[in-house]
Protein chains: 2
Amino acid sequence: MYSADTPSFVPRGSRSISTLPSFVTKDRTLTLSWSDAGVNETSTAAPHKSSFNYTWLRDHCQCPACVHPDTRQKLHSSADIPLDVKPTSIEVGSSPTPSVRIVWEDKPLVGRIGGPQGPHISVFDLAWLRKQDYDPAAVLARDREAMKIVPWDRAMLEKDTVGGLWSDYESFMKTDEGQRTVLEQMYLYGLAFLRGVPVNEQAIEGLCERLGTHVQETFYGKTFDVKSVPKANNIAYTSLYLGLHMDLMYFESPPGLQLLHSLQNTVTGGSSFFSDSFAAAERLRTAHPDEFAALTQVPVTFHYDNNGHHLRFRHPTISDYDGNEPMRVYYAPPFQGTLECEPEMVDTWYRAFARFREFTERPEMLYTHRLEPGECVIFNNRRVLHARDEFDPMSGDRFLKGAYVLWDAFKDKYRVHVQRHK
Amino acid sequence: MYSADTPSFVPRGSRSISTLPSFVTKDRTLTLSWSDAGVNETSTAAPHKSSFNYTWLRDHCQCPACVHPDTRQKLHSSADIPLDVKPTSIEVGSSPTPSVRIVWEDKPLVGRIGGPQGPHISVFDLAWLRKQDYDPAAVLARDREAMKIVPWDRAMLEKDTVGGLWSDYESFMKTDEGQRTVLEQMYLYGLAFLRGVPVNEQAIEGLCERLGTHVQETFYGKTFDVKSVPKANNIAYTSLYLGLHMDLMYFESPPGLQLLHSLQNTVTGGSSFFSDSFAAAERLRTAHPDEFAALTQVPVTFHYDNNGHHLRFRHPTISDYDGNEPMRVYYAPPFQGTLECEPEMVDTWYRAFARFREFTERPEMLYTHRLEPGECVIFNNRRVLHARDEFDPMSGDRFLKGAYVLWDAFKDKYRVHVQRHK
C-alpha cells in the first residue's frame, strides 16, 4: 500500500495489531477505530477509538528528522507547527509494521528557512499511536496501570506474599534480580529491609547508588547520624519517643527514599515502627470523604528555622493522583508552622487530621522491627511513616547511619531495571 | 493585668502595638479588632480584624512547653488538641509586651497521660498573632509582599537601576554585602553575572555554597562540562544553535539556580541569550487570558530516555501563584514527550504555546552576553530561559563549567542573609 518513498526506518514501539483500523477525518482530526477492540482486549488502557488533531499529529511525528534517533530529543518545537497544518493523504497499511502514513501539505515549519524540500511524510506505528491516545479517560487508564501500588497493613507485610520484604545485601548489590526485587518491593509497598550489610559508615552510599543514581545531599550532609546527643537540634537526635512522621517536609520535593542502616544497637528499647500513610488515606477517603477532602485542600506550612537555616514549604496533608504520583502524603507534626485555612474549614481540618493520625497509629497498621547491626531499612519517605520507641541512653549505644535518595532518581532506576523487564 | 502565674518568657516577634485591641468571642472563635487599624497602617498585610478558632489557638500556643525554644519544633501534634477545647478566661494586656493571655479549661491533650497538672495558659504576643491571621485575604496579602519580584525586559536590565547585575568575585565570596547583593538580585530578577572568577574547574563549587547550601548533584554529575563533543547525547554538547529553554524539566523539582562559568572561549559565535519567562507569561495573561489559562491547565510531559536513564515528569507550561512561588514556568521544547490534552483544548494550547514562545523571543525581551573566561552567569533556571547562538567549533575552544543549586537551598540562604536584614 505504501509508495516507493516510504521512509525506510522501522518505527519504535512496534507491536502486533491483528486487524488494521478504519479511519475517518473531520474538523482537522483523524479518528481511528481499532478493529481488534473487544477481541484482543487485555487492558482497559487500550481504547476502542482514538482521535488525533492534525497539529498534534504533525508535532508528534517520530521520523529521524523530527525526533533524534539516539537521544530521543525533539528536533522542532511544538511552537513550530503551523496551526492550520493538514494532510494531503492519509493511508493505513501493514508493511513493514501496521502504520498510518500521512503526507503533509507542503508548508515549512514556523521560522524555518531552507531545510528539506518537498512535503513532509509521517509514518506512525499504530501500536505506538494507540498508546498515545490523549483523551483524558485513556490517559487515566494508562496511568492507573503504570502507577499500581499495594496499600498494606501489618498482617499483609508479615505474610510477605511477594517475598520481597527482606533481602540479602550480597544479592541486592551483586545480582540484577536481587536489585530488581528490592526496587519492585519499594515501588509497590514502599518498605524493604536488607540484612548482612557491612557494618561501616560508608556502606550506605553504595546502597543508595543501587536504588537511585546517587545519595541526595541535604544541608544535614550527604549522610546523617542518628545518635542520642546532648543539646540535640532535632528530637530525632535524642532518646525520646519520636512519633510517626516523614522527614524534610519543608522541601519542595522531600526525599523519596530514606535509608537507616544500623551500626550499633545495645540499648533497651528503640524499636522502629512503620505505617502506610496511603492505606490510612484510602481508609479516610472511604469512611469520611469530607475529611479526606479537607486534608487535600488545606495547605500546611512546614518549616525549619534553626541552626543558621530557614526552610519553609506549604504542602497539603494529602495530595491525590495528579498525573505524576498515585498519591502523596506530607506529614511531620513537629515541623508544622502556622496553619492557614479558610475560617469555616478549621474545625473540619482538625477533626480530619486527628482521624488520619488515629488511622495511621492503629496497631493493625504498624509494622515493627528493631534494627540490629548490619540491617538496613529502606522506605518511601513520602508514603511510609516512621516512628521510634524511646530508649534508655544509659543502657548502651544506638547508632544509625541515614541517607536519602531523590524520588526522581529512584523512579529512574525502577523504570530502567523493572518496567523494561516486564 | 496579668496574675502572678504569667509565664516569665518574653514571646518572640514582639513589635510595638500602639493601642490594645478590643475583642469578642463567638462560636468558639476569638475576634480581635486592631485599634490602630487605619492609623499605623503601612501595609495591606495588616488586617483590621482577625479571628482565631479556639482549637487553632490552643494548637498554636508558643510557650516553651508547646514549641521548643531552641529548635522551634512543635512539642505536640495538631491531632492532640481536644476538638472542643475552650478558654476559661481571655485577657488582653500590655505587660511585658502587648499580649492576649488565655487560660484553657483543664483538659489533657489527646493521648497524654500524666504531664503537668492544672490548666494550660497561653500568652500570645499580639504583633505576632496579627501576622498569623489565617483568613485567605490576609495570607494572600502577606505572600504578595514576601514574594515580590521584578519582571524585566532588555532595556531594564541594561539600565541596571538596582546595580546588582554584575558583581566582583572577591566581593561576592568575601563580604556579607557582596553576597547579599547577588542573592537579592537573583530573587528579584533571576539573573546575575560575576567577573574575576578564578579560571579553574573547581571554583564553581565555592560559588554554589555561597548561593545555596551545596551543589545540587544530578545524574549528570556534581558539575557538568558544556563543550562541543562528537556524538553528543544532548544538543547542548554540540556547536548548534540552542533555543530558549530551561534545564532538567523532567525532574519533579527542577534545578533552581544554574551557573555557567566560562573557562575558555576563543570561538566565533556562541553568545548567550536570556529572557524572563515570567514577564512573557504576564504579558500573555493580559493579552490572551484564555491562552494563559490553557498553558496553566494542560500538563506537558518532559522526558529523558537515553544513556541508561529514564526520567519523566508532567508539568504545566505555566503554574500560577500556589502559595509557595509567585509563578513557575516549565519550558524545554526538545524534551517534550506526548502532549496529553482535552481534545477540545488542543488547538488553543498550540496557539497559546506558539504565542508564548514568540513573546519570550522578542528582541526587546532578550538580554545578550558573550561569556568570557573568568565570567560566570547565574540564573533562576525555573524563570529565566537561556539560549546559545551556534558557533564555529573549528575556530577555537569553548568550555563552560556548569552546576545547579536547589531552589530550596537558595531560598534558605536568601531568607537567612537578605530577609533578616530588612
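A cavity is a set of points where a 1.4 Å probe fits but cannot get out. Keep that in mind for the views below, which come from a predicted model.

**View 1. Empty spaces across the whole structure.** Rolling a probe the size of a water molecule over the atoms shows where empty space is left. How many cavities of 30 Å³ or more does a search of the whole structure find? It turns up twelve.

**View 2. Inside the largest cavity.** Here 25 residues form the lining, and the ones closest to the centre are A236(B), L242(B), H245(B), D247(B) and H386(B). What kinds of residues make up the lining? Sort them by class and you get 16 nonpolar, six polar and three charged.

**View 3. Inside the second largest cavity.** By class, the lining splits into seven nonpolar, five polar and two charged residues.

View 4. The size of an interface is often given as the accessible area lost when the parts come together. For chain B and chain A, the buried area is about 7000 Å², with carbon and sulfur atoms giving 48% of it. Which three residues supply more of the area that chain B buries against chain A than any other three? They are Q73(B), E252(B) and Y350(B), and they supply 10% of it. Each chain brings 81 residues to the contact.

**View 5. Links across the interface, and the elements behind them.** Look between chain B and chain A and you can count twelve salt bridges, along with 44 residue pairs in polar contact. One salt bridge joins R142(B) to E340(A), with their closest N and O atoms 3.5 Å apart. Elements giving two or more residues to the side of chain B that touches chain A include α1 (54-59), α3 (136-146) and α11 (407-417). The top contributor on that side is α10(B), with eight residues. Overall, the residues of this side of chain B divide into 29 nonpolar, 24 polar and 28 charged.

**View 6. A salt bridge within chain A.** A search over all chains finds 54 salt bridges. One of them pairs D290(A) with R351(A), and their closest N and O atoms sit 3.8 Å apart. The pair links distant parts of the chain: D290(A) belongs to helix α9 (residues 289-297) and R351(A) to helix α10 (residues 346-361), 61 residues apart.

Notes. Residues numbered from 1 in each chain as written. Chains lettered and ligands numbered in written order. Predicted model: local features only at pLDDT ≥ 70, side-chain atom pairs only at ≥ 80, totals over all residues. Heavy atoms only, no water. Contact = heavy atoms within 4.5 Å. Buried area = accessible area lost by both parts, 1.4 Å probe. Salt bridge = Lys/Arg side-chain N within 4 Å of Asp/Glu carboxyl O. Polar contact = N/O pair within 3.5 Å; in protein donor to acceptor, adjacent residues only side chain to side chain. Helix = DSSP H or I, 4+ residues; strand = E, 2+ residues; numbered from the N terminus. Nonpolar A, V, L, I, M, F, W, Y, C, P; charged D, E, K, R; others polar. 1 Å grid on protein atoms, 1.4 Å probe; cavity = no way out; pocket = protein on both sides within 12 Å on 5 of 7 lines; lining within 4 Å. Points joined across faces, edges and corners; volume = space filled by probe spheres on them.
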